[in-house]
Amino acid sequence: MKTVQLHELTFEECISKTEVQQAVNGVAVRINDAYSDRRPVFLTVLNGAFLFAAELIKKFDGECEMSFIKVASYDGLKQSDEVFTVMGAEPSLKGRDVVVIEDIVDSGNTIETIIEILEQEEVASFKIATLFYKPEAYTKPYTIDYVGLEIANDFVVGFGLDYKGLGRNLTAIYKLKQSHMKNLVLFGPPGAGKGTQADVLKEKYNLVHISTGDVFRYNIKNATELGTLAKSYMDKGQLVPDTVTIDMLNAEVEKNPNANGFIFDGFPRTEAQADALATLLASKNTEVAAMVALEVDDEVLVQRLLERGKTSGRADDADEAVIRNRINVYYAETAILKGFYEKQNKYFGVDGVGSIEEITARLSTVIDTL
């Protein structure tokens with residue numbers, strides 16, 4: 001499969017030049033039929049839609065005019081919720097029939113901003129034409145009238161679409177190539193043996209185990225810049241912002257550029273943190289492969305921890321009420337992340353009762369399929 005290198009990332013071809021041209025032709029035919037008796041203004045959204053617009057307008061049989069608008073919502077791989085109008089449409093569109101030409105519609109944030117502008121301009125009518133549409137990502141109520149191709153929610157470049165300025169000139173479409181790293185989010189209630197299994201799995205699969213607690217303690221003990229920043233929040237009784245935690249994790253990931261993958265232990269705990277982790281890994285050309293949760297009956301956990309409390313010296317292992325509260329907190333946190341990763345078909349519950357070897361075998365059965 002053909003690949004291209006843009007800056008630090010690798011992209012692989014997913015839509016051929018021929019398929020792109022067929023998509024353009026399909027939109028052109030529909031617009032010709034709809035506007036055969038009118039003189040539309042084609043409002044091209046810069047910078048990405050310029051190639052699509054050029055091909056589309058050449059195929060329009062009647063009279064038409066052109067206008068341009070420039071908005072911004074992407075920074076590298078990440079799309080911002082905030083859309084900025086960099087250059088407004090000129091001349092006035094008041095009373096005109098407008099066809100908005102977009103390269104791609106994903107969340108719909110840009111479309112929403114443009115529609116607000118068109119309504120303020122008091123246009124006679126408007127339709128939205130896009131070369132590519134991501135139905136999985138679209139969150140707005142507005143109808144997309146003309147779609148060249150529906151595509152998966154991948155980051156793509158080519159035919160006007162770019163990554164940090166590169167790739168617009170490609171005639172085929174390329175998607176971000178994911179590496180085959182096995183990055184795991186490992187969960188388990190107190191007493192499930194998660195730490196033991198993490199130690200076994202990191203050796204078996206040559207993974208790097210990143211425990212958020214250990215990372216925090218290291219940074220604070222060594223008074224790193226991030227550790228000092230985190231301690232300043234903790235000293236005030238405040239929660240450490242997710243951005244600080246992510247920066248710590250990023251530093252750990254960058255220490256291990258040749259790792260086969262990572263076991264994330266203690267992070268994420270919320271959907272916002274899961275999104276932040278996804279963004280971090282995407283910047284490394286990889287992703288979370290699975291959330292794996294050890295499942296153990298509550299009564300088994302309580303007895304395990306009470307037994308451990310006889311030798312561990314930990315007060316929270318000796319008080320049954322405290323133990324049950326810790327288990328309840330775990331379930332509340334896991335439920336949030338379970339739903340998040342289930343939507344991506346990445347959640348795996350594994351029976352955590354049995355010998356260490358038996359549990360490892362069950363976990364390995366899951367990991368080997370990733």
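Guide: What covers the buried residues of α7 includes β12 (208–211), α5 (212–221), α6 (225–235), β13 (262–265) and α8 (271–282), where helices (H or I, at least four residues) and strands (E, at least two) are DSSP runs numbered from the N terminus, and contact means heavy atoms within 4.5 Å. The model is predicted, with local features needing pLDDT of at least 70 and side-chain atom pairs counting only at pLDDT 80 or more, while totals for chains, interfaces and linings use all residues. Residues are numbered from 1 along each chain as its sequence is written, and side-chain values use heavy atoms, leaving out hydrogens and water.

The residues of α7 that are buried (under 20% relative accessible area, with exposed over 50% and partly exposed in between, for a 1.4 Å probe and protein chains only) are Val 244, Thr 245, Ile 246, Met 248, Leu 249, Glu 252 and Val 253. Helix α7 itself takes in residues 242–254, and its 13 residues reach 18 Å from the first C-alpha to the last, close to the 18 Å expected at 1.5 Å a residue, the expected span being 1.5 Å times one less than the number of residues.

As for a strand, β2 (residues 9–15) is mostly covered, with five of its seven residues buried. Strand β1 (residues 3–6) pairs with β2 in the antiparallel sense over four bridges, pairing requiring that DSSP finds at least two bridges between two strands, and Thr 3 has Glu 12 in β2 as its bridge partner. Strand β10 (residues 173–176) also pairs with β2 in the antiparallel sense over four bridges, and there Ile 15 stands opposite Ile 173.
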